[in-house]
Amino acid sequence: MMGAVKTSLKEVLPDPVVTAYKGGWRLYYDQKALINNQLQQLKYFGNAVTCLFCEKTFSRFKPSGALKRPFWRSSEGLELLKSPKINVANAQCPKCGSGERQRLLYFYLINTLDFFSLKGIKFLDIAPDDFLWDKIFSKADIEYTSVDITPARNPSQIMDITELKFEDNSFDAIICLHVLEHIVEDIKAMRELYRVLAPGGWAILQVPIWAFETVEVPKVTREQYLELYGHSDHVRRYGFDYIDRLEKVGFDVKVDQFSRKLTTDFRQQYGLFETEDIFFCTKA
């Protein structure tokens, strides 16, 4: 009923009035979101933890809500959660919304790879992340290219990861952060990443490890993703055999236990998983 009324009003009102109406509602929702965010920050007021991206401190990080999904309350999900090696993101920044995966990768790039010293490298970012772009990639002296299948993340180019439009050996380094679990033809995507990586180059190809062995149910419908995989947009749950898939397409894989080398206090302050490893892949 309301939809029909709105359509009728659009037909009779002048365009400037309709535009002003839409702008007013956008402003209302933007202000509402801002107020809610500020109230949320008050809820988590304190200085026990720190978000390195917005540089704010809080009493604790905000739960992501992931553990309330049906899968993680099922017998299989509860059994998986008993393992310290199964990490489900559950520590969002109350202000900017950054999570464990962005924070861990930031520290790895800065502390282990000394990223700002890698001047002039050709760098490919798959499904670009605003947090890492603002804090690292936009400040580094690199030839930066980003791709995504939609324009939502403002990539340099719209492109399907399974059909990259780049020549062989085009990039010195690649970041692919929690993307492959969304890709039906993940092996094809991995082959493409290997193809465009230059010999001697490196790629960090992170996925959530949510199984002991990879779970991928044939002919499953999208409506079943949440129940089977713990996420409405994941097409599988990767297990510890993830490394086998990477090696199958040609990568040399080092599983870097970077986070375990950090102190307990440091991990707690910045909200890092102890057992989230870095899949550091190279091309001989």
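Me: Happy to start anywhere. Where does R60 lie?
Reply: Keep in mind that this is a predicted model. R60 lies in the loop between β2 (57-58) and α3 (70-73).

Me: And how exposed is R60?
Reply: R60 is partly exposed, with a relative accessible area of 40%.

Me: Let's zoom out. How many helices and strands does the protein chain have?
Reply: The chain has 10 helices and nine strands. Of its 284 residues, 45% are buried. Among contacts with a separation of 6 or more, 64% are between residues 24 or more positions apart.

Me: Now salt bridges, please. How many are there?
Reply: The count comes to 16 salt bridges. One of them pairs E55 with K135, where the closest N and O atoms are 2.8 Å apart. E55 is in the loop between β1 (49-50) and β2, and K135 is in helix α6 (residues 130-137), so this pair ties together parts 80 residues apart in sequence.

Me: Are those two partners buried or exposed?
Reply: One of each: E55 counts as exposed at 58% relative accessibility, while K135 counts as buried at 18%.

Me: What does E76 pair with?
Reply: E76 forms a salt bridge with R237, with 2.9 Å between the closest N and O atoms. Since E76 lies in helix α4 (residues 75-80) and R237 in the loop between α8 (225-229) and α9, the pair ties together parts that are 161 residues apart in sequence. R237 is buried, at 2% relative accessible area, whereas E76 is partly exposed at 40%.

Me: What about K82?
Reply: K82 forms a salt bridge with E79, and their closest N and O atoms are 3.3 Å apart. There is also a network in which D186, E216, R236 and R245 are joined by salt bridges that share partners.

Me: D186 is in helix α7, I think. Which residues of α7 are buried?
Reply: In α7 (residues 186-196), the buried ones are D186, I187, A189, M190, E192, L193 and V196. Their cover includes β3 (122-126), β6 (171-177), β7 (197-206) and α9 (242-248).

Me: Last one: why does T145 count as buried?
Reply: Its relative accessibility is 16%, and buried means under 20%. T145 lies in strand β4 (residues 143-148). Setting aside residues up to four places away in sequence, T145 touches F123, L124, D125, S156, Q157, F166 and F171.

Technical notes
Residues numbered from 1 in each chain as written. Predicted model: local features only at pLDDT ≥ 70, side-chain atom pairs only at ≥ 80, totals over all residues. Heavy atoms only, no water. Helix = DSSP H or I, 4+ residues; strand = E, 2+ residues; numbered from the N terminus. Buried < 20%, exposed > 50% of the residue type's maximum accessible area, 1.4 Å probe, protein only. Contact = heavy atoms within 4.5 Å. Salt bridge = Lys/Arg side-chain N within 4 Å of Asp/Glu carboxyl O.
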